[in-house]
Amino acid sequence: MIPTIGKGLRLGQACGRSGLFFRAALVWRVGLVWLLMAASAYAHAALNRAEPADGARLAAPPALIRLTFSEPVSPTRLTLTGPDREPFMLTETRLAGTTLEIVPPPALADGGYVLSYRVVSQDGHPIGGAVLFTLGQGPAASAAAVTDDRAVQAGLWVGKLALYFGLFFGIGGAFARSWFADGRGAGLAVPVSALAVGFVGAALSAGFQGLDALGASLSALSEGESWRAGLATSFGASLVFASAAFACAGLALLQGPGAGGRWISLGALVAAGLALSLSGHASAADPQWLMRPAVFFHTVTIAVWAGALPVLFAVLRSEGALPALKRFSRVIPLLLLVLVLAGTVLAIVQLRSPAALLSTDYGRVFLVKLALLLPLFLLAAFNRWGLTARVQAGDAVARRVVLRIIMVETVLVALIFATAAVWRFTPPPRVLIAEVPPAIVKLSDETVAATVTLDRAAGRAEVTLAKEGGGSLDPLEVGLVMSQAEAGIEPIRRPAVREASGAWRIEGLDLPAGGRWSLRLDLVVSDFEIVRLEGQVTLD
């Protein structure tokens, strides 16, 4: 692989430092660095609601602490730091759908508390943050912002890129050499080198994934806990399948010519597709019956195409290249069709709307990848329909042109892998626009109890009323008043309409911002009596 890519880079340099190739590569490198820096601040799922709410002041300790996320998560580290500044590890938890229920320690004293959480989302990526609340009249707590270690982020990217090289150039190369070149002749060095790089990438990814999951620094890489945490995430299953695929591909290369090597390489290719379909953004998306097969076929077609490039380059420089080129030219149209169909499905589900291409980091990475894919597709089409027949007819000039195009294609594929590895740090738009559940507020005085359900996304609320001690309440009118004085938002008043069920519905409640709101219910009980219930609510 290194000699092949090195020749491709020399081809780019031959175009001149002022040439299009050099400028495109420079723009790509600058853009990649920017995307890595911008993307590291994002998580991959969202905390939709916390109970107690962030910043809440409670009269009594909570029986349970609930964190509701946009998708299911698994806790890796939960600590509660109280007025004594000593962190207490929270280990008693239960997952109910997307809500993580945490049992706090008994006999909490008055004062401020910081719940620090580190969880892993369904797509295998960690999420960290803190929720603050105060008991009684004690002083409120404060917490430092959660930051990501740049060295860990760089290690994750390098490990992911090395893993891609092993999966696509290594396993794909073993498949191409067994099926297109009959396991004979040149083309062995690149798949072997790529498989070695892939094994190293898998090992690195396990450790750095654990560091990220635990929120630990690079110095903790030598600790066994980091590696165990990495393998415990959904990404751990991907690493197991990837390692098995590497081993099978290596065995296929050792097997040499014959049916045995071909079928072993096919098994390695299937394992590679399964590896990437077990974790990651796309695999965690719904509907999974569609997304996981799409990831599988996307992976397999990329591996066959990318892995064939260095193998074809090697055999085209030697005798006996025509059968391999002929076999590859037969399957490349089908590969491109499946690749485009699977990629389109993944893009539609992940992006959700064309506007996300420019408004999100995920979309901008997608545009960079697309900018690299377009010339790659054009070069592949030119090779297939413009040059293959001439090479098969013995045209020496066409053969030299094909060799140069394959070098450029290999460089483009490597850049695409480097770009796709940045997605490790960018949440897809489908996560960013995840539905936020309604907020529920309970208000009461000595005579009336009310439950207010606020759906900010839909711009409506529902109010149910009851008398304290039992019985129904039948007010003449109900009104809702909401304000946010610290943001300069004056009271917003909306009347409620009674429904057949007895609840009161409020429409047109378009709140301009999230955060903490003051809330008041005005209940006109009679011509001479108005009951007012007041409280606060935190909205996303």
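Author: In this predicted model, K160, L163, G166, L167, I171, A174, R177 and S178 of helix α3 meet F235, L239, A242, A245, F246, A249, A252 and L253 of helix α6; contact means heavy atoms within 4.5 Å. Sorted by class, this contact of α3 with α6 has 12 nonpolar, 2 polar and 2 charged residues. Here Ala, Val, Leu, Ile, Met, Phe, Trp, Tyr, Cys and Pro count as nonpolar, Asp, Glu, Lys and Arg as charged, and the others, Gly among them, as polar.

Two packed helices are described by the angle between their axes and the distance between the axes. The axes of α3 (residues 150-179) and α6 (residues 234-255) come within 10 Å and cross at roughly 35°. Such axes are lines fitted to C-alpha atoms over the stretch in contact, with angles from 0 to 180 degrees between N-to-C directions. The crossing of α3 past α6 is left-handed: the near helix is turned anticlockwise from the far one by less than a right angle.

As for the setting, the protein chain holds 14 helices and 18 strands. These are DSSP runs numbered from the N terminus, helices (H or I) having at least four residues and strands (E) at least two. Of its 540 residues, 49% count as buried, meaning under 20% relative accessible area with a 1.4 Å probe, protein chains only.

Residues are numbered from 1 along each chain as its sequence is written. Local features need pLDDT of at least 70, side-chain atom pairs count only at pLDDT 80 or more, totals for chains, interfaces and linings use all residues, and side-chain values use heavy atoms, leaving out hydrogens and water.

Technical notes. Buried means under 20% relative accessible area, exposed over 50%, partly exposed in between (1.4 Å probe, protein chains only).
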